[in-house]
Amino acid sequence: MDEMEEELKCPVCGSFFREPIILPCSHNICLACARNILVQTPDAESPQSSRASGSGVSDYDYLDLDKMSLYSEADSGYGSYGGFVSAPTTPCQKSPNGVRVFPPSVPPPPQAQHHLLPHTGVLPPVPRNSCLTCPQCHRSLTLDDRGLRGFPKNRVLEGVVDRYQQSKAAALKCQLCEKSPREATVMCEQCDVFYCDPCRLRCHPPRGPLAKHRLVPPAQGRISRRTSPRKISTCTEHELENLSMYCVQCKTPVCYQCLEDGKHSTHEVKALGAMWKLHKGQLSQALNVLSDRATEAKEFLVQLRNMVQHIQENGVEFEACLVAQCDALIEALNRRKAQLLSRVTKEHEHKLSVVRDQISHCTVKLRQTTGLMEYCLEVIKENDPSGFLQISDALIRRVHMTENQWGKGSLTPRMSSDFDLTLDSGPLLQTIHQLDFVQMKVPAAPILQLEECCTQTNSATLSWKQPPLSTIAVDGYILELDDGNGGQFREVYVGTEMICTVDGLHFNSTYKSRVKAFNSSGVGQYSKTLVMQTSEIAWFTFDPASAHPDIILSNDNLTVTCNSYDDRVVMGNTGFSRGVHYWEMTIDRYDNHPDPAFGIARVDVMKDVMLGKDDKAWAMYVDNNRSWFMHNNSHTNRTDGGISKGATVGVLLDFSRGILLFLINDEQQGPVAFNTLEGMYYPAISLNRNVQVTLHSGLPIPDFYTPGESEAAGSVC
């Protein structure tokens, strides 16, 4: 519970709270300390501030506080002592907790002395127009006629302080020993007194009425005192009334009379016990979250301490390596060796300094968090609903604020334990005076992010990142893929991005990919190799981007027609350069005996003439009776048999043999149309407005056809 001690000390006197009161800003202060820091303000300059009723917190003007020069470093240090204003030359002082206070420089007048009124045991009345400033948040308010009595007492905090002080006591002493009290051996629950053995026999004999008293061990008696019920809380507005309800709007306990004729009469109120349980639950939930953060912080501290050891070990190892290199050089290197060692030592000390500073900072935060947690747990143990509700909102806010301070960024090391320096021992003797550390090593191997890597049809997307805690600069990355057939790797991307999509891969192929990083020091190691499989079947559609403007596409770009009487060309959106591929087109409409052309083409084929008119296309054009093969406007192999509505035209492209052949209604139309085909080809068709066809891609090879040696289907764009 040592971490909680700071929560139990007054920010003014630095001692444990005595008779703490709750300010409207939710901070606490000793009653006597509050009296000591009162400031009497002139009527003309009295700031607009909240009353001391404690029912709520109202905004105040910070400029008014500045005018009073209470906390200005450059002013003359005016302060107050009750209703007496000190001389301008009085400097400010600081409490043990570092909070500035302003005691008077001359003795105050008798009416301002802080002694108890005779025969009353209470403090004298506070002078009119007194202003109290919170020593923690510097919020200011003017007291009303009730003075400091208008602030509610924090009985929960007072009880926690009492228990804490009792728990810190080494041993319970007898309360009846006149000199040198001996250690208590028993406690009487009825008398509420600790006795040593001699005093018990003398003052509490086990006979008569005392024989019925229950004596318990001192430790048990201490617990009994802690758990004894406290007196019922009374209202600060109506001192004879008990607090029985909770005002939701003002967030404070109120009495019955406050609801009848006070300012809470129109406010929403709820049962005190219900709100007590609700706020305890909220505080417990917030503590659970904060407890998780504290556990993470403890683990983080262990990690930081381990980093200190690793930095020390790595530093020693690095120094030994440097010494070995320097000793291997000629005598001219000895003068430079001292400078290089100095550089390493500075780097070593810098890393240790950064990590130790982070350890210190995190330790302080963890200590504060633990203290707050222990304090909140003690507060939850209280059985005083009204007292608890007086501070529960502030505690819940503090717990949430403390939990937010343990963000992800605060639990990340600020420094790597590696030494990113490399000694270059290659220069000649005449350049030894230029010998220096290379400021960075080659980059570490990137890490492929498997959850973001994928393939779609004949495209592959790869994503990678640098290893965690790597501080080595990276100028760019090199992505390499093989040919999909177990061949050599080749570069497909060089740049600074860490995600890349490679289009135009072969279908039904297995690709291996890897990536490496580079900087001015060189090229780093490859990442692990990733194996990816492209789609087995070459699905494709017609490509509207490359089609002639007169082409009309529908049915998700699978059905095509034309609005012109002239032939117009449209190609598929996928190119082929390897494998065996087969697709078909169904004749949906065939009017006036036109002659559409089916085949393959280069990407730069002419789009406003029949397919096959130029040297960029290889096609078969067909009417209702016969067909011809055409390339570069050369017509060959006239074959009987045509098409009509409902007919099917098939195209088979085999790169293993380098041939192209055609089918009509599942029967081969003529001989092999073209051979010695190499390179990149796209499916293509030319037609006019009298024809409409629908594409069917990704079909199996017809049964009558036997592929050549290479059967891997694929494409490269």
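**Ground rules.** I worked on a predicted model, in which local features need pLDDT of at least 70 and side-chain atom pairs count only at pLDDT 80 or more, while totals for chains, interfaces and linings use all residues. I number residues from 1 along each chain as its sequence is written, and my side-chain values use heavy atoms, with hydrogens and water left out.

I looked up the strand order and found an open sheet of 6 strands, ordered 29-38-31-32-33-34, with antiparallel pairing. I take strands as DSSP runs of E of at least two residues, numbered from the N terminus, and I call two strands paired if DSSP finds at least two bridges between them. Strand 29 and strand 34 are the edge strands, since each pairs on one side only. Neighbouring strands of this sheet are turned against each other by 20 degrees on average, direction ignored; the axes behind such angles are lines fitted to C-alpha atoms, and angles run from 0 to 180 degrees between N-to-C directions.

**Entry 2, the pairing of strand 29.** I followed strand 29 to strand 38, with which it pairs in the antiparallel sense over 4 bridges, and there I noted Val570 opposite Ile685 of strand 38.

**Entry 3, two hairpins.** I then followed strand 32 (residues 617-622), which pairs with strand 33 (residues 626-631) in the antiparallel sense over 5 bridges. These two strands form a hairpin with 3 residues between them, and Ala619 stands opposite Met630 in strand 33. Strand 33 also pairs in the antiparallel sense with strand 34 (residues 634-640), over 5 bridges, and here Arg626 has Asp640 in strand 34 as its bridge partner. The hairpin of strand 33 and strand 34 has 2 residues between the strands, and in it Asn632 takes a positive phi near 55 degrees.

Asn555, in the loop between strand 27 (551-554) and strand 28 (559-562), has a phi near 55 degrees, a positive value in a residue other than glycine. Thr676, in the loop between strand 37 (667-668) and strand 38 (682-687), likewise has a positive phi near 55 degrees. For accessibility I call a residue buried under 20% relative accessible area, exposed over 50% and partly exposed in between, with a 1.4 Å probe and protein chains only. Asn555 is partly exposed because its relative accessible area is 44%, and Thr676 is exposed because its value is 67%.

How many disulfides does a search of the whole structure find? I found 0 disulfides, taking a disulfide as a pair of cysteine sulfur atoms within 2.5 Å. Cys134 is in no disulfide, and the nearest cysteine sulfur, that of Cys25, is 3.5 Å away. Cys134 counts as buried because its relative accessibility is 1%, and Cys500 counts as buried because its relative accessibility is 10%.
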